[in-house]
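Could you look this one over with me before we talk? My notes follow, one topic per point.

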Amino acid sequence: MTLVSQTTEGDGQNVPLRLLKTYPMEIILAALVLFLILMAPGFASTANILNVLRTVAMLGIIAFGMTAVIISGEIDLSVGAGVALAGCIVAWFADAYTDAIGGWSAVILGFAVALTVGFSLGYLTGRFRQWFNVPTFITTLALFAALRGVANLITGGFPLSTFPAGFDFLGGGYLFGIPFPVYIFALTFAAMHFLMKYTSFGREVYAVGGNMEAARLSGIDIWKVKALTLGLTGALTAISGTLIASQIGAGTGTTATGMELDVIAAVIIGGTSLFGGKGRIWGTLIGVLFLGCISNGMTLMNVSEYWQYVVRGGIILGAVLLNQVLERVR
Amino acid sequence: MTYSQPRTDAAQGRLAFRSVTKRYGPTVALSEFTHEFAPGRVHALMGKNGSGKSTLIKLLAGVTEPTSGTISVNGRDQAFTSPHDAFDAGIVTVHQELSLVPELSVGENIFLGRLPHTRRAGFRVVDWKGLHRRAAELLSDMGLTIDSRKPVSALSVGQQQVVEIVKAMSFNPSILLLDEPTSALASKEVKQLFALIERLRARGVTMIYITHRMSELFEIADTCTVIRDGHYIGAVEMRATSPAEIVGMMFGDAARTTRPPRQAIDRVKPLLEVRGLTRAGHFNDVSFDLYRGEILGIAGLLGSGRTELMRAIFGADRIDAGTVHLEGRSMTGATPSQMRAAGLGYTPENRKEVGLVQSLPTADNLCMASLGPIARNGLISRRREQPHVDRQIVDLHIKCGDPELPVSSLSGGNQQKVVIGKWLNTAPSVMFFDEPSRGVDVQAKRQIFDIIWQKASEGLSSIFVSTELEEVLEVADRILVMHHGSVVAEVDPTRTDLTQLYGLCMEGASK
């Protein structure tokens, strides 16, 4: 904010003010990046930027799905555990079937199973809400606990790391000089942006989240819409989980601990309302990049890990407050 | 504390209005109202919707202040600026909606916000024993056998209403306002309530009783005061009057409404056939036919089951028995999305809450029910939607400025038109209009009626529901009268006047 007031004087004042109202997080992100380029040693190096993008990709793939879930008026707390479970499923298949059907076939089979499990769990979470009136907060809280247990049961508590040669490319490799997960991240962004903006399904998600009863009385199958957004997020979680397993070279039950909070934080920083009905995939992209830059920048500046937690908490609250204030100003 | 003790010195409350006027901006809700309500009697207050009844109650409850004039209690002028002031003057209101907390016990509800306390080991704690003892005293004092420890949710609606009155009486009021206390009650529960009212009357409490049920007046009231269009019309002794006289006072010489010329309706093959439709507790064994191009009015008081019937046919609520056929196809138990696909549209009575998604733009709301047909292969864009948005905005004269702004920025009338436009975009063959004129200005109301007539002449069949009976008489080709969840009469609006229709709505078929 000080940045803006410094650059403006006199009569030009309301143009930046309007910009700040319309693109608050974009401007704050730009300010942050500028600050880090100047203050954080090594932030602007290509290697570091690519590293940030790779980290952000794993989070972002899920966050785009989570945006749809939150817009539809629900929540999914199980994505961190889902990432661990997906990685373990893929690793288990690679471990058990490589001899029988070959390494890559086993990995592909495992990925297909992880994808199906991820989608089904999400979809059923939505249907649980319909059939038994169990809030998704509760169902996914239960899954949050249970899935990590299942992941550890699958691996027997030890990392499974029998992967075919070249598997590490998915999470750790570079294509044309850019980390491979970043392509998946970009693809997911484009697909989700398109889905939410240019399909009738996307419109229905906004309607259901904005006013469930009005949507129902408009003939929209509200439960199907909710179940599908949750299923979609489950599937994206499986994709991210596979990429992470590839990156660390193992499937373990302790991967991605606490990731669900980062994912939800990114969505909220991006301006999506937890009350449902409002939000944009673009905003989540900003939110994800913001979180990635902040934690990378603080690490480079030698800020202690504990302080990083405190700062992240402050940012989440600050972003929501900013959105509320802007809502009133607009 | 004294509030638990029944007062023996007969609580007297003489309530007088002197030239009381209440304006809301340019509209006069109550005009120079002058009347004295004699103490210790049950005064019925009658008037059709919008006559000023609720304004009167609000003034007495201290919710709003009069623009001019004075209200006095026992000869002392009062200037209520808050509900608390009304309380202090001895006036307590039992509102139409129950204000009890269902999860809490009867006793706790009665003393909510003023729980008795006691000291235990130096701590100030709630005196549960004392609370329930006092509650039990109050209940038995009113001749009731309700366990004060029971949660309110375990009681029937009638018992809850009674508890509400007991709660009101625990303040020892001299004047009690009862706003449609029987609207949700079954007849047996009404008896119990009346017994309680008799008891309070014997104790000298002045009661002002609002109801829409004419039969109740003669059973429980001593006098009936009628207001119309904010004016005091008169007060009669119940012993010396008749339902006809009261209805006459309520409507005055209501001029017959003008109807535009309508074309003849071919009543051979029904488009919508409803047979024996029942939803327990809401409506019972309802059968009717709706023909192509016909506007079928449903008249009935609030709570007669009109809205519930339409919601159930549309598939928004479960039905317990009966069948629905649309264009010959069985649609019994269909979901709203199946009904929509079959050609039925429904504009709900509470458009703000469930008719629109307020956070979304007008354009999105207009296309909300027709995303499937507008999209090609599931893909949609503003360019594809634009013709549908523009057509409704032009056809329905929707004043919305920029259709990309949230629909919440529109006026009530325009919002209603957006709801209608949303459904016309689905090219329906049958439309249900539930209270389409509620809360819209006169001009918008005319426009909405014109749309309904216009669409009917193009072959759209509709059901039209309105609390305003004048409107039903004006708009509909044929009228079904609902009373307590049953269809009790079918009338021809060209051969019926307001008084007759109102009588049917209030009394059912019996008179």
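**Notes on the sheet and the other chain**

1. Chain B has an open sheet of six strands in the order β18-β19-β20-β15-β21-β22, with mixed pairing. Strands here are DSSP E runs of at least two residues, helices are H or I runs of at least four, and both are numbered from the N terminus; two strands pair if DSSP finds at least two bridges between them. At the edges sit β18 (344–347) and β22 (486–491) of chain B, each pairing on one side only. On average, neighbouring strands of this sheet are turned by 20° against each other, direction ignored. Axes are lines fitted to C-alpha atoms (for helices, over the stretch in contact), and angles run from 0 to 180 degrees between N-to-C directions.

2. Bear in mind that this is a predicted model: local features need pLDDT of at least 70, side-chain atom pairs count only at pLDDT 80 or more, and totals for chains, interfaces and linings use all residues. Residues are numbered from 1 along each chain as its sequence is written, while chains are lettered from A and ligands numbered from 1 in the order in which they are written.

3. What does β15(B) pair with? Strand β15 (residues 295–299) runs parallel to β20 (residues 461–465) of chain B, joined by four bridges. Strand β21 (residues 478–483) of chain B also pairs with β15(B) in the parallel sense, over four bridges. Gly297(B) has Phe464(B) as its bridge partner in β20(B) and stands opposite Ile479(B) in β21(B). Ile298(B) is opposite Val465(B) in β20(B).

4. Is β15(B) covered or open? Mostly covered: five of its five residues are buried, meaning 20 or more other C-beta atoms lie within 10 Å of a residue's own, with C-beta atoms placed from the backbone (exposed is 12 or fewer, partly exposed in between). Ile295(B), Gly297(B) and Ala299(B) point one way, Leu296(B) and Ile298(B) the other.

5. Helix α16 (residues 442–457) of chain B lies across β15, β19 (430–434) and β20 of chain B, at about 155° to β20(B).

6. On to chain A, with 15 helices and two strands. Its radius of gyration (over C-alpha atoms) is 21 Å, close to the 20 Å from the globule rule (2.2 Å times the number of residues to the power 0.38) for 330 residues, so chain A is as compact as a globular protein of that length. The C-alpha trace of chain A spans about 75 × 55 × 35 Å along its principal axes.

7. Buried residues make up 50% of the 330 residues in chain A.

Terms used:
Contact = placed C-beta atoms within 7 Å.
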